[in-house]
Amino acid sequence: MKDPFYKSLGYAINGIKTCIQKERNIKIHLFVMGCVIVCGFLLKISIIQWMICLLLFALVIGLELVNTAIEAVVDLCSPTYHPLAKIAKDTAAGAVLVSAIFAAIIGLMIFVPRFFEIVFQ
Ligand SMILES: Nc1ncnc2c1ncn2[C@@H]1O[C@H](COP(=O)(O)OP(=O)(O)OP(=O)(O)O)[C@@H](O)[C@H]1O
């Protein structure tokens with residue numbers, strides 16, 4: 001029989017906790033997210049800009065979780081070197097990198113003009 005909803009939720013939360021404990025990169029993402037939230041309040045960004053930031057947090061952190069899952073499956077299936085394991089790990093890491101680069105660019109597009117708007121108003 002399928003687990004009740006609260007148990008599935010518990011497994012998912014456990015996965016997030018494990019990733020935070022195990023992976024350095026997600027700690028960096030969470031730190032950056034905290035900085036963005038503080039800047040968002042200081043610079044009083046609009047509701048649409050908050051929504052864009054929240055979507056980007058979800059995208060980058062979600063992909064980091066998927067990357068960790070892929071790493072675990074690869075380590076399980078291919079503990080020794082294999083070119084396909086390398087492709088799986090490198091492309092999963094690449095997905096996180098692409099999302100983080102675009103999130104940083106969008107973040108700058110939101111925060112830099114807002115900063116100058118406040119400074120020179
Ligand atoms: N079984 C394997 N076969 C081939 N290449 C591998 C294998 N395991 C790791 N690699 C290579 O080593 C790199 C680092 O792998 P590792 O498992 O250490 O990931 P990681 O550096 O811990 O990733 P992250 O920093 O995101 O946690 C991979 O991106 C891949 O290029």
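## Shell around the ligand

Helix H3 and helix H4 (83-119) each contribute at least two residues to the shell around the ligand. The model is a predicted one. H4 gives the most to this shell, namely five residues.

There are 13 residues around the ligand, and those that come nearest are Ser78, Tyr81, Ala85, Lys86 and Lys89. By residue class, the shell holds five charged, four polar and four nonpolar members.

## Annotated binding site

In the unreviewed UniProt entry, the annotation "binding site" covers Glu23 and Glu71.

## Glutamate 23

Glutamate 23 sits in the loop that lies between helix H1 (5-22) and helix H2 (24-42). Glutamate 23 counts as partly exposed because it has 16 C-beta neighbours inside 10 Å, where a buried residue would need 20 or more and an exposed one 12 or fewer.

Apart from neighbours within four places in sequence, the contacts of glutamate 23 are Glu64 and Thr68.

## Glutamate 71

Glutamate 71 belongs to helix H3, which covers residues 47-77. Glutamate 71 has 17 other C-beta atoms within 10 Å and is therefore partly exposed.

With neighbours within four places in sequence left aside, glutamate 71 is in contact with Lys89 and Ala92. Lys89 is also one of the residues that come nearest to the ligand.

How values were computed: Residues numbered from 1 in each chain as written. Predicted model: local features only at pLDDT ≥ 70, side-chain atom pairs only at ≥ 80, totals over all residues. UniProt positions renumbered as here; feature names shortened; annotations may be inferred. Helix = DSSP H or I, 4+ residues; strand = E, 2+ residues; numbered from the N terminus. Contact = placed C-beta atoms within 7 Å. Near = placed C-beta within 6 Å. Nonpolar A, V, L, I, M, F, W, Y, C, P; charged D, E, K, R; others polar.
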